[in-house]
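This report is written for a reader who is meeting the structure for the first time. It begins with the terms needed for reading it and then moves from the whole chain to single residues.

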Amino acid sequence: MTLSAIAAAMVDQLKPGTNGHTLTVKLVSSKPVKTVGGRGSRSTILAARPSSIAECLVGDKTGTIIFTACNEQVDLMNVGATLILRNAKIDMFKGSMRLVVDRWGVLRSQTCKF
């Protein structure tokens with residue numbers, strides 16, 4: 001059995017409510033939106049972890065889209081970096097599309113030229 005090549009999507013092909021996208025994009029800008037410290041009143045381990053969110057403008061030769069980076073993903077958001085997103089999905093937020101890589105996806109930063 002051989003593995004087939006993964007078909008990469010382009011930004012202009014993305015549609016609301018879709019998932020399973022593989023994209024190679026360049027990070028244009030990044031803006032931290034929120035950092036929340038741990039909450040002592042909740043007993044779950046997940047609630048005790050601080051969380052951070054950044055809104056990032058990413059794009060390819062066909063267009064740009066807002067990427068929402070959470071927690072460890074925020075550390076990879078260096079302007080000019082080339083990012084490979086696997087199993088990304090499109091969420092709608094305030095009437096606009098947002099690209100998201102959740103726990104089922106993979107986000108990698110590459111140092112290759114775009």
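## Terms and overall picture

A residue is called buried when its relative accessible area is under 20% and exposed when that area is over 50%, and partly exposed describes what lies in between. Cys-70, with a relative accessibility of 32%, therefore counts as partly exposed. The model is a predicted one, and every value in this report is to be read with that in mind.

The protein chain holds two helices and six strands, and when these are read along the sequence they follow the pattern β-α-β-β-α-β-β-β. The chain has 114 residues, of which 31% are buried, while its accessible surface comes to about 7700 Å², with 54% of that surface belonging to carbon and sulfur atoms. Among the contacts between residues at least 6 apart in sequence, 57% join residues at least 24 apart.

## Strand pairing around β3

With β5 (96-100), β3 pairs in the parallel sense over three bridges.

## The largest nonpolar core

The largest nonpolar core has 20 residues, and the members that touch the most other members are Leu-23, Val-58, Phe-67, Met-77, Leu-83, Leu-85 and Leu-99.

Which residues does Leu-23 contact, leaving aside its neighbours within four places in sequence? They are Ala-9, Met-10, Val-11 and Leu-14, together with Leu-83, Ile-84, Leu-85, Ala-88 and Leu-99. Among these partners, Leu-83, Leu-85 and Leu-99 are also listed with Leu-23 as core members that touch the most others.

Met-10 is placed in the segment before β1 (19-36), and because its relative accessibility is 23%, Met-10 counts as partly exposed. Not counting residues up to four places away in sequence, Met-10 touches Leu-23, Asp-60, Lys-61 and Thr-62. The C-alpha atoms of Met-10 and Thr-22 are separated by 8.6 Å, with the two residues standing twelve residues apart along the chain.

His-21 belongs to strand β1, and its relative accessible area of 13% is the reason why His-21 is classed as buried. Apart from residues up to four places away in sequence, the contacts of His-21 include Ala-9 and Leu-14, as well as the run of Leu-85, Arg-86, Asn-87, Ala-88, Lys-89 and Ile-90.

Most residues other than glycine have a negative phi. Against that background, Asn-87 has a positive phi of about 60° although Asn-87 is not a glycine. This residue sits in strand β4, and Asn-87 counts as partly exposed because its relative accessibility is 37%. Asn-87 is also one of the residues that His-21 touches.

Lys-94 likewise has a positive phi, here of about 50°, without being a glycine. The place of Lys-94 is the loop between β4 and β5, and with a relative accessible area of 75% Lys-94 is exposed.

## The cysteines

How many disulfides does the structure hold? The count is zero. For a disulfide, the two cysteine sulfur atoms would have to be within 2.5 Å, whereas the sulfur of Cys-56 is 9.6 Å from the closest cysteine sulfur, which belongs to Cys-70, and so these atoms are too far apart for a bond. Starting from Cys-70, the closest cysteine sulfur is that of Cys-56, again at 9.6 Å and too far for a bond.

Is Cys-56 buried or exposed? Cys-56 counts as buried because its relative accessibility is 0%, whereas Cys-70, at 32%, counts as partly exposed.

Terms used
Residues numbered from 1 in each chain as written. Predicted model: local features only at pLDDT ≥ 70, side-chain atom pairs only at ≥ 80, totals over all residues. Heavy atoms only, no water. Helix = DSSP H or I, 4+ residues; strand = E, 2+ residues; numbered from the N terminus. Buried < 20%, exposed > 50% of the residue type's maximum accessible area, 1.4 Å probe, protein only. Contact = heavy atoms within 4.5 Å. Core = buried A, V, L, I, M, F, W, Y, C linked by side-chain atoms within 4.5 Å. Areas by Shrake-Rupley, 256 points an atom, 1.4 Å probe, with all protein chains shown as cover. Pairing = 2+ DSSP bridges.
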